[in-house]
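Morning, everyone. Let's take a few minutes on one fold. Have a look at it first, then I'll talk you through it.

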Amino acid sequence: KTKKKSYILDENVKAILVNVFGGIVNCATIANGIVNASKTIQLNIPLIVRLEGTNVNEAKQILANSNLHIQLASSLDDAAEKAKYPALRGYPGGFK
């Protein structure tokens, strides 16, 4: 098995915020992509995800059941707060 690599090379990046908002976007597909990508890399900063669109409830379940350190946000404001303050406290302090 190969060792996972961290792909966040810029030390100034303190969090990743994914915001998908759209009526025809299949959020379950996006969620599966986020989970699969997160399993292949060693993410050493907070990942905050806000989704709104088709199959959003299924997508939230996929992310919640992934056993990964992914924070769900209910709005863009909520996502921004989760990205801002955990980054100030340091990873993984934002996952309390």
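Predicted model: local features only at pLDDT ≥ 70, side-chain atom pairs only at ≥ 80, totals over all residues.

Which residues of α1 are buried? They are Cys27, Ala28, Ala31, Ile34, Val35 and Ser38. Look down the axis of α1: these buried residues fall within an arc of 120 degrees, so they line one face of the helix. An α-helix has 3.6 residues a turn, so residues three or four places apart point the same way.

Now turn to the face of α1 that points away from the buried side. There you find Thr29 and Thr40, both exposed.

One detail at the start of α1. A side-chain oxygen of Asn26 comes to within 3.0 Å of the backbone nitrogen of Ala28.

Next, the sheet. What is the strand order? It runs β1-β2-β3, three strands in an open sheet, with parallel pairing. β1 and β3 are the edge strands, and each pairs on one side only. From one strand to the next, the twist averages 30 degrees.

Take the β2 and β3 pair. These strands run parallel and are joined by three bridges. Leu47, for instance, has Ile70 in β3 as its bridge partner.

How do the helices sit on this sheet? α1 lies across β1, β2 and β3, and runs at about 160 degrees to β2. α2 lies across β2 and β3, at about 155 degrees to β2.

Last stop: Ser66. You'll find it in the loop between α2 and β3. Is Ser66 buried or exposed? Its relative accessible area is 10%, and the cut-off for buried is under 20%. So Ser66 counts as buried.

What does the Ser66 side chain reach? It reaches the backbone oxygen of Leu63, at 2.8 Å. Leaving out residues up to four places away in sequence, Ser66 touches Val35 and Lys39.

Over to you for questions.

Note on methods
Residues numbered from 1 in each chain as written. Heavy atoms only, no water. Buried < 20%, exposed > 50% of the residue type's maximum accessible area, 1.4 Å probe, protein only. Helix = DSSP H or I, 4+ residues; strand = E, 2+ residues; numbered from the N terminus. Arc of directions from axis to C-beta. Polar contact = N/O pair within 3.5 Å; in protein donor to acceptor, adjacent residues only side chain to side chain. Pairing = 2+ DSSP bridges. Axes fitted to C-alpha atoms, helices over the stretch in contact; angles between N-to-C directions. Contact = heavy atoms within 4.5 Å.
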